[in-house]
Amino acid sequence: MIDKINELLRQVEEFKPKAASEVEEFRIRILGKKGALNHLMEEFKSVAPELKRELGQQLNKLKTTATERINTLREELSATAAAEASHVEDMTRPGSASELGSRHPISLVRNQIVEVFTRLGYTVAEGPEIEDDWHVFSALNFPPEHPARDMQDTFFIEKNPDILLRTHTSSIQVRTMERQKPPIRVICPGRVFRNEAISYRAHCIFHQIEGLYIDEGVSFADLKQSLLYFAKELFGEQARIRMRPSYFPFTEPSAEVDVSCNLCGGKGCNVCKGTGWLEIMGCGMVDPNVLRSCNIDPEKYSGFAFGMGVERIAMLKYGVKDLRLYFENDVRFLHQFDSAL
Ligand code: PHE
């Protein structure tokens, strides 16, 4: 019997469990109702009286050692489990990359256009989106009865027809001329607002870039040359332009500018409607009345101005057929421009 007790003592000392469940199994095997200790107790009843003292002491020793060992092991294991639970991150694992966004196609094209003109010596000017009648219409030689001054075309602030959302960024050009003496060379990008029904080719909010150059002796030839350079930079060396007579209150003479269709190379396709040409902007020589409104002497100075819609240029450049896509923020659309520019 003493051997059995010693063997169990050895087992208790050497017991190295990995999980709390092993400790519990061990406890049942040694200290449980039908466990080894109770078996020995039964045996103890029938041992010779002279052996009882020593065996009794050993049995007690086994009971206390086993109980103590089991308790410490339990504590140790629950402490490691808690530590593990609070330390879930494995610092050696590779991190998860955060997804990178990309520039909006309108920003890409805007930046590209601005960049072409900064190379020609233009600086960027910005101005307010909420404007007054003077900067959007009156200073630009719009007669009082002009249809653009109608609610159908322009968003006016209620009860005050003098305050409105700018319909073009020409208002920035007026602000620049009021502030600055010639020579002036500015490019004016910005959001504009028109009271139009939304369709695949029109939106009530869109982006424009307008340009203005004023100095002594600026001619229509300078305008044409600058715009040809711009078209080649944006659409490629093979690009050609043509100008068609047009009308704007603030320029005289005025023209619409077409660029040769970059999809069919000028042969005619469904994008250019068989003409081989795509309309990209309006332009002209600044009307002397506009210069006078801004205190610039039209006898001394002349200048040209041009203006284009960024959405339209982006549509032609990327073959986008519906302008509404630019405003819907569908990532499947936007991701296609990840590597553009
Ligand atoms: N402001 C005109 C528009 O919004 C564009 C333009 C600018 C035309 C400058 C001629 C000269 O349509």
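Reader: Which residues are buried in helix 10?

Author: This is a predicted model, in which local features need pLDDT of at least 70 and side-chain atom pairs count only at pLDDT 80 or more, while totals for chains, interfaces and linings use all residues. Residues are numbered from 1 along each chain as its sequence is written, and side-chain values use heavy atoms, with hydrogens and water left out. Helices (H or I, at least four residues) and strands (E, at least two) are DSSP runs numbered from the N terminus, and a residue is buried under 20% relative accessible area, exposed over 50% and partly exposed in between (1.4 Å probe, protein chains only). By this definition, the buried residues in helix 10 are Val 310, Glu 311, Ile 313, Ala 314, Met 315 and Leu 316.

Reader: What do the buried residues of helix 10 pack against?

Author: Contact here means heavy atoms within 4.5 Å. The partners of these buried residues are helix 5, strand 6 (205-215), helix 8, strand 9, strand 10 and helix 11 (325-328).

Reader: How many Å apart are the end C-alpha atoms of helix 8?

Author: The expected span of a helix is 1.5 Å times one less than its number of residues. For the 16 residues of helix 8 (residues 220-235) this should give 22 Å, and the end C-alpha atoms agree, since their separation is 22 Å.

Reader: What arc around the axis do the buried residues of helix 8 cover?

Author: Helix 8 has the buried residues Leu 223, Ser 226, Leu 227, Phe 230, Ala 231, Leu 234 and Phe 235. They lie on the same side of helix 8, because their arc around the axis is only 135 degrees, an arc being that of the directions from the helix axis to the C-beta atoms. The face turned away from this buried side carries the exposed residues Ala 221 and Gln 225.

Reader: Where is Met 281 found, and is it buried or exposed?

Author: Met 281 belongs to strand 9 (residues 277-286). Leaving aside neighbours within four places in sequence, its contacts include Leu 227 and Phe 230, and the C-alpha atom of Leu 227, 54 residues away along the chain, is separated from that of Met 281 by 9.8 Å.

Reader: How many disulfides does a search of the whole structure find?

Author: A disulfide is a pair of cysteine sulfur atoms within 2.5 Å. The closest cysteine sulfur to that of Cys 264 is in Cys 261, and its distance of 3.6 Å is too far for a bond. Cys 294 is in no disulfide either, with the nearest cysteine sulfur, that of Cys 188, 12 Å away. The number of disulfides found is 0.

Reader: Which residues come nearest to the ligand?

Author: A residue counts as near if one of its heavy atoms lies within 4 Å. A nitrogen atom of the ligand is 3.0 Å from an N or O atom in the side chain of His 168, and a polar side-chain atom of Arg 194 lies 2.9 Å from an oxygen atom of the ligand. Of the 13 residues around the ligand, those that come nearest are His 168, Ser 170, Arg 194, Gln 208 and Glu 210.

Reader: What is the omega of the peptide bond from Glu 252 to Pro 253?

Author: Most peptide bonds are trans. Pro 253 has its place in strand 8, and the bond from Glu 252 to Pro 253 is cis, with omega near -5 degrees.

Methods
A polar contact is a pair of N or O atoms within 3.5 Å; within protein, one must be able to donate a hydrogen and the other to accept it, and residues adjacent in sequence count only if both atoms are side-chain atoms.
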